[in-house]
Amino acid sequence: MQRIQSVGIVVKRNDPVSLELSQAIEAWLAQRGIKILRQNSDHNFALFAAADLVLSIGGDGSMVRTARRLVGEDIPLAGVNTGRVGFLPELTPENWQSCLEAAITKGLALEKRMALEMVVTRGDAEVFSSVAVNDVVISRGGIARLLAFDLQAGASKLLYLRADGLIISSPTGATAYSSSAGGPLLYPTMNAYTVTAICPFMSNMAPLVLGQEMVLSVTICEAGSKTYATIDGQEVFRLQAGDAMRVYGLPGGITFASFGVSDYFSKLRSSGLVADSPGSRRG
């Protein structure tokens with residue numbers, strides 16, 4: 001269990017509800033002698049190096065944005081949900097006080113999760129790299145035209161694929177776009193990632209689960225006038241025919257704080273990702 005002496009605060013901007021809640025949380029923490037580290041711009045995440053916990057106050061998007069900046073830093077992250085879905089944040093405007101009180105008194109439970117690293121090369125040059133908390137998506141924009149890829153797992157060729165796109169998802173992101181496209185769900189602490197084709201055309205590709213150490217290589221064979229790699233829905237890179245992308249897992253890349261309020265399977269049920277058959281009876 002990790003003791004809490006300083007807390008970093010990241011709040012969703014231009015959202016009165018999140019801003020008001022952040023002020024209440026800061027005042028509450030200050031009364032208990034907890035040092036507050038407040039992020040005032042997108043460029044001062046370095047101050048969180050001294051934090052025992054970082055709180056993201058907002059929705060899923062805000063928490064993913066914060067997590068992307070903390071990949072590899074071994075700084076615990078928790079979210080206080082003021083958004084609509086709230087699959088990632090464990091705390092709410094109703095329970096944050098009791099959860100933080102217990103964490104300050106007893107210490108903080110930690111949960112390590114895998115992130116993704118992706119690198120794009122063009123010719124002999126590396127032209128782009130990034131890390132993903134949820135997913136890397138290759139998709140087209142503008143004219144409705146199929147994309148074509150050569151896929152390779154490690155040293156083995158997989159297939160030549162024509163599809164609307166490709167989703168490469170971490171366990172954390174498996175409940176997002178990947179699931180909507182028919183991809184498998186992964187328990188959040190697994191060191192594995194998924195590869196799911198978006199509307200494959202005359203190709204037989206079931207969704208794949210690969211171990212974190214296996215490198216997925218994607219070569220763009222045919223690209224439309226606008227073909228993009230989108231990372232976590234927050235960062236975009238324009239791809240060209242001939243570009244080669246490598247994706248692999250970063251085990252323990254993200255550290256989440258765990259408060260024991262809700263478990264993964266109850267969230268699957270409450271979000272409708274798993275549900276009983278209509279008319280079923282449970283004793």
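Rings of Phe, Tyr and Trp count as a pair if their centres lie within 6.5 Å. The structure examined here is a predicted model. A search of the whole structure finds 5 aromatic pairs. One of them joins Phe128 and Phe237. Their ring centres are 4.7 Å apart, and their planes meet at 15°. Planes under 30 degrees apart count as stacked. The pair of Phe128 and Phe237 is therefore stacked. The two residues come from distant parts of the chain, 109 residues apart. Phe128 belongs to strand β6, and Phe237 belongs to strand β15, which spans residues 235–239. Both Phe128 and Phe237 are buried.

Other rings group or meet charges. Tyr187, Tyr264 and Phe265 form one aromatic cluster. Arg113 lies over the face of Phe256, at 4.6 Å from the ring centre. Lys267 takes up such a position over the face of Phe87, at 5.8 Å from the ring centre.

Strand β5 covers residues 109–122, and strand β6 covers residues 125–132. The two strands pair in the antiparallel sense, over 7 bridges. Within this pairing, Glu117 has Val131 of β6 as its bridge partner.

A search of the whole structure finds 9 salt bridges. Among them is the bridge between Glu235 and Arg68, with the closest N and O atoms 2.6 Å apart. Arg68 is buried because its relative accessible area is 16%, under the 20% cut-off. Glu235 has 25% relative accessibility, so Glu235 counts as partly exposed.

Another salt bridge joins Asp74 and Lys112. Here the closest N and O atoms are 2.2 Å apart. This pair also links distant parts of the chain, 38 residues apart. Asp74 sits in the loop between α2 and β4 (77–81), whereas Lys112 sits in strand β5. Lys112 counts as partly exposed, at 38% relative accessibility.

Asp164 and Arg140 meet in a salt bridge as well, at 2.7 Å from N to O. Asp164 is in the loop between β9 (156–163) and β10 (165–169), and Arg140 is in strand β7. The two are 24 residues apart, and the pair links distant parts of the chain. Arg140 counts as partly exposed, at 26% relative accessibility. Some salt bridges share partners: Arg68, Asp232 and Glu235 are joined in this way into one network.

Strand β7, residues 135–140, also holds Val137. Val137 is buried, because its relative accessible area is 8%. Val137 and Trp96 are 41 residues apart in sequence. In space they are 33 Å apart, C-alpha to C-alpha.

Leu185, Leu273 and Val274 make a nonpolar surface patch of about 190 Å². Leu185 is found in the loop between α4 (177–180) and β11 (192–198). Its relative accessibility is 32%, so Leu185 counts as partly exposed.

Definitions and conventions
Residues numbered from 1 in each chain as written. Predicted model: local features only at pLDDT ≥ 70, side-chain atom pairs only at ≥ 80, totals over all residues. Heavy atoms only, no water. Pairing = 2+ DSSP bridges. Helix = DSSP H or I, 4+ residues; strand = E, 2+ residues; numbered from the N terminus. Patch = residues over 30% accessible without salt bridge, like charges linked within 9 Å, V, L, I, M, F, W, Y side chains within 5 Å. Areas by Shrake-Rupley, 256 points an atom, 1.4 Å probe, with all protein chains shown as cover. Salt bridge = Lys/Arg side-chain N within 4 Å of Asp/Glu carboxyl O. Buried < 20%, exposed > 50% of the residue type's maximum accessible area, 1.4 Å probe, protein only. Phe/Tyr/Trp six-rings, centres within 6.5 Å; stacked < 30°, edge-to-face > 60°. Lys NZ or Arg CZ within 6 Å of the ring centre and 35° of its normal.
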